Amino acid sequence: MKITISKVIGLNQELFIGVATTPKSKEYEIIKTCKDVKWNAEIKLWIIPRSKEAWAEVICKFSEYHIDVCLDRIIKIEGFAKQKSIKAPLAKVNKEKGILNANQYELLVKFKEQMLLKRQSESTIKTYSSHFIEFMLYFKERSVDELSVEDIRAYMLFKIKEHGIKEQTQNSIINAIKYYYEKVEKRERFVLYDLRPKPSFRLPEYFTEEEVVKILKHPKNIKHSLILSLIYACGLRLGELIRLKVKDIYLETAEPHVRINQSKGKKDRIVPLSEKLIPKIKEYKAAYKPNYWLIEGVGGDKYSDRSVQNILRKAVEETNSNSNGTVHTLRHSYATHLLSRGMDIRMIQQLLGHADIKTTEIYTHITDVMKNKYKSPLDNLEL
């Protein structure tokens with residue numbers, strides 16, 4: 001067995017190790033486990049920062065292989081420097097060190113480590129850490145370990161009055177604070193219920209079927225078209241779409257489907273794939289040749305949330321559809337349209353990946369009115 005390694009030079013004369021692999025091969029799976037590795041679509045190579053540690057890791061992981069080192073074959077890449085820097089996590093740590101005192105930084109590290117041990121999602125770690133940093137900074141030189149519930153209440157009032165936070169953010173901040181005291185400090189149940197906003201009831205926004213048709217037809221780019229079509233056709237969350245891999249799409253089985261791995265609540269689920277979508281997926285794969293992620297961004301990395309949001313926003317604006325609509329509205333529309341056409345609500349619950357049937361039942365408030373063909377009493381008046 002053999003792999004080929006080349007010398008790669010980035011825009012800022014940074015040196016990288018370039019590794020060529022065959023898609024879906026054993027070495028393909030091995031290289032993905034290396035630290036700080038990224039796929040570069042421009043040169044069709046896996047890129048690793050060149051260092052003694054990285055080189056040692058490659059040698060160790062490919063010990064059974066013949067390594068063909070072609071350092072005389074120098075490859076220059078234009079786009080790699082524009083990607084998210086490999087040193088970004090370190091820069092973030094340095095920034096956190098700069099704004100926190102030594103004690104606060106130590107608590108933040110413990111906070112993040114506990115979330116990692118509990119296998120919290122990347123987005124949860126990011127959100128909770130941000131809230132926890134702000135929480136610590138508000139109390140300046142005081143240690144959060146010494147705070148009372150009244151202190152936390154004062155902080156929440158400050159966030160509401162001065163920052164105008166929304167109910168969802170208020171709950172998120174409380175969740176982060178509770179996580180620290182309960183999971184890191186190991187205190188018994190840390191009750192902050194009286195600080196939570198009164199639960200509100202909001203009907204989900206949705207697009208009509210006519211609006212969905214216009215939105216899905218709007219993009220001229222096959223990638224953009226597939227993105228919106230997949231979200232609606234499978235009822236996907238934005239993060240689920242971004243994390244879809246090429247291998248998660250099953251086109252050649254008796255029942256074509258999409259496998260959604262470790263979504264919200266760390267649950268897998270399978271969603272049937274519309275037959276109308278199969279030709280579009282094949283056309284997209286032939287045009288873009290995605291390697292790992294189904295929807296690839298720059299350098300083969302995951303596509304960005306903001307890019308998907310921009311695609312939807314443009315489609316909504318230019319088709320004069322529901323102006324309140326977001327990417328998640330396509331998911332709401334999927335559920336609403338299935339329910340209005342008579343699908344069993346428990347089946348919809350499974351398709352959406354809801355843990356509690358009550359979450360799915362919110363759509364019945366929309367469809368019940370639609371089915372009953374409600375008329376205003378004004379219709380009965382002779383005016």
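Me: Among contacts between residues at least 6 apart in sequence, what share joins residues at least 24 apart?

Reply: Here 63% of those contacts join residues at least 24 apart in sequence. Please keep in mind that this is a predicted model. Its 383 residues include 43% that count as buried, and the secondary structure comes to 16 helices and 8 strands.

Me: Why does V298 count as exposed?

Reply: A residue is called exposed when its relative accessible area is over 50%. V298 has 58% relative accessibility, so V298 counts as exposed. A41, by contrast, has a relative accessible area of 29% and is therefore partly exposed.

Me: Let's go inside. How should I read a nonpolar core?

Reply: The general idea is that nonpolar side chains tend to be buried together in soluble globular proteins. In this model the largest nonpolar core has 46 residues, and those touching the most other members are I227, L228, L230, I249, L273 and V308. Elements giving two or more residues to this core are α8 (209-217), α9 (222-234), α10 (238-242), β7 (257-260), α11 (278-288), α12 (305-318), α13 (327-340) and α14 (345-352). The largest share, 8 residues, comes from α9.

Me: Which residues does L228 touch, not counting those up to four places away in sequence?

Reply: On that count, L228 touches I215, L216, P219, I311, L312, A315 and L330. Apart from this core lies another one, of 28 residues, with L100, M115, I173 and V184 among them.

Me: Now for the empty space. How do I read a pocket?

Reply: The idea is to roll a probe the size of a water molecule over the atoms, which shows where empty space is left. In this structure, the second largest pocket holds about 550 Å³ of space. Its lining has 19 residues, and the closest to the pocket centre are L216, Y232, A233, S274 and K276. Two or more lining residues come from each of α8, α9, β8 (269-272) and α13.

Me: β8 has come up in the pocket lining. In what order do the strands of its sheet run?

Reply: The order is β6-β7-β8, and these 3 strands form an open sheet with antiparallel pairing. β6 (249-250) and β8 are the edge strands, each pairing on one side only.

Me: How many bridges join β7 and β8, and which residue of β8 is the bridge partner of I260?

Reply: β7 and β8 pair over 4 bridges, in the antiparallel sense. For I260, the bridge partner in β8 is R269.

Terms used. Residues are numbered from 1 along each chain as its sequence is written. This is a predicted model: local features need pLDDT of at least 70, side-chain atom pairs count only at pLDDT 80 or more; totals for chains, interfaces and linings use all residues. Side-chain values use heavy atoms; hydrogens and water are left out. Buried means under 20% relative accessible area, exposed over 50%, partly exposed in between (1.4 Å probe, protein chains only). A nonpolar core is a set of buried Ala, Val, Leu, Ile, Met, Phe, Trp, Tyr and Cys residues joined through side-chain atoms within 4.5 Å. Contact means heavy atoms within 4.5 Å. On a 1 Å grid over the protein atoms alone, a cavity is a set of points where a 1.4 Å probe fits but cannot get out, and a pocket is an open set with protein on both sides within 12 Å along at least five of seven lines; lining residues have an atom within 4 Å of a point. Grid points are joined across faces, edges and corners, and a volume is the space filled by probe spheres set on the points. Two strands pair if DSSP finds at least two bridges between them.
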